[in-house]
Amino acid sequence: MLRLALPSAALLAPVLALAACAPAAPGLSPSAARTAANPCFRPSLVRNFTAPNEQTLYVRTSATEVFQIDATVCRDLPQALSIALVPMDGSSRLCVGDPARLRSPTTGPEPCRVRVLRQLTADEIAALPSRDRP
């Protein structure tokens, strides 16, 4: 009996090793799976924005995508007529959870530190008051 168990274990080890290398989501590359779980946008593609208060910013990046950004406290953000979002890591995109610098003529000479909180669903966008919807 012991003899039979050893060859079985020897045959099973390579199968388990190959299974560990299999992709978690069939049909998706690892980078595509990360993007699906963690939505991103390019700051250069922001089409519109609103700031209902000094802590919250909503940016529209396409006809269907709106992201909520936490500005902690960004002085005079609701009066901003223009903004620039600059990723802290120097990349060309911002993903949920990423920190960034926000620049605007109304917020003063120093940029505000912000963080991308989440991408809103279509229902959440529709539920925003019209004055807060970008």
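**Notebook: loop, disulfides and sheet**

I started at T72, which lies in the loop between β4 and β5. The model I am reading is predicted. I looked up the backbone of T72 and found phi near 50 degrees, a positive value in a residue other than glycine. Most residues other than glycine have a negative phi. I then went on to D76, which is placed in the loop between β4 and β5. Phi of D76 is near 60 degrees, again positive in a residue that is not glycine. I also checked the exposure of D76: its relative accessible area is 29%, so I list D76 as partly exposed.

**Entry: confidence**

The mean pLDDT of the protein chain is 81, and 73% of its residues reach 70 or more. Which element has the lowest confidence, and which the highest? I found the lowest in helix α1 (residues 2-21), with a mean of 43, and the highest in β4, at 98. Over residues 1-34 pLDDT stays under 50, and for this stretch the model has two contacts beyond four places in sequence.

**Entry: overall make-up**

I listed the secondary structure and got three helices and eight strands for the protein chain. Read along the sequence, the pattern is α-α-β-β-β-β-β-β-β-β-α. The protein chain has 134 residues, of which 28% count as buried. I also looked at contacts between residues at least 6 apart in sequence: 48% of them join residues at least 24 apart.

**Entry: disulfides**

How many disulfides does a search of the whole structure find? I have two. Counting bonded cysteines along the chain, the pattern is 1-3, 2-4.

I took C40 and C95 to begin with. Their sulfur atoms are 1.8 Å apart, and the two form a disulfide. The link of C40 and C95 is right-handed, with 95 degrees about the S-S bond. C40 sits in strand β1 (residues 40-41) and C95 in strand β6 (residues 94-95), so I noted a link between distant parts of the chain, 55 residues apart. Both C40 and C95 are buried.

I turned to C74 and C112. These form a disulfide with the sulfur atoms 1.9 Å apart. The link of C74 and C112 is right-handed, at 90 degrees about the S-S bond.

Six strands form an open sheet, in the order β2-β3-β4-β8-β7-β5, with antiparallel pairing. At the edges are β2 (48-50) and β5, each of which pairs on one side only. From one strand to the next, the twist averages 35 degrees.

I then went through some of the strand pairs. β4 and β8 are antiparallel and pair over four bridges. Opposite F67 stands Q119 in β8. β7 and β8 also run antiparallel, joined by four bridges. P99 has R115 in β8 as its bridge partner. β5 pairs with strand β7 (residues 99-103) over four bridges, in the antiparallel sense. Opposite A84 I found R103 in β7.

**Entry: T50**

I looked up T50 because its relative accessible area is 13%, which counts as buried. T50 lies in strand β2, and β2 is an edge strand of the sheet. What does T50 touch, not counting residues up to four places away in sequence? I listed T56, L57, Y58, R131, D132, R133 and P134. For D132 I also noted a distance: the backbone oxygen of D132 lies 2.6 Å from a polar atom of the T50 side chain.

How values were computed. Residues numbered from 1 in each chain as written. Predicted model: local features only at pLDDT ≥ 70, side-chain atom pairs only at ≥ 80, totals over all residues. Heavy atoms only, no water. Disulfide = S-S within 2.5 Å. Helix = DSSP H or I, 4+ residues; strand = E, 2+ residues; numbered from the N terminus. Buried < 20%, exposed > 50% of the residue type's maximum accessible area, 1.4 Å probe, protein only. Pairing = 2+ DSSP bridges. Axes fitted to C-alpha atoms, helices over the stretch in contact; angles between N-to-C directions. Polar contact = N/O pair within 3.5 Å; in protein donor to acceptor, adjacent residues only side chain to side chain. Contact = heavy atoms within 4.5 Å. pLDDT = per-residue confidence, 0-100.
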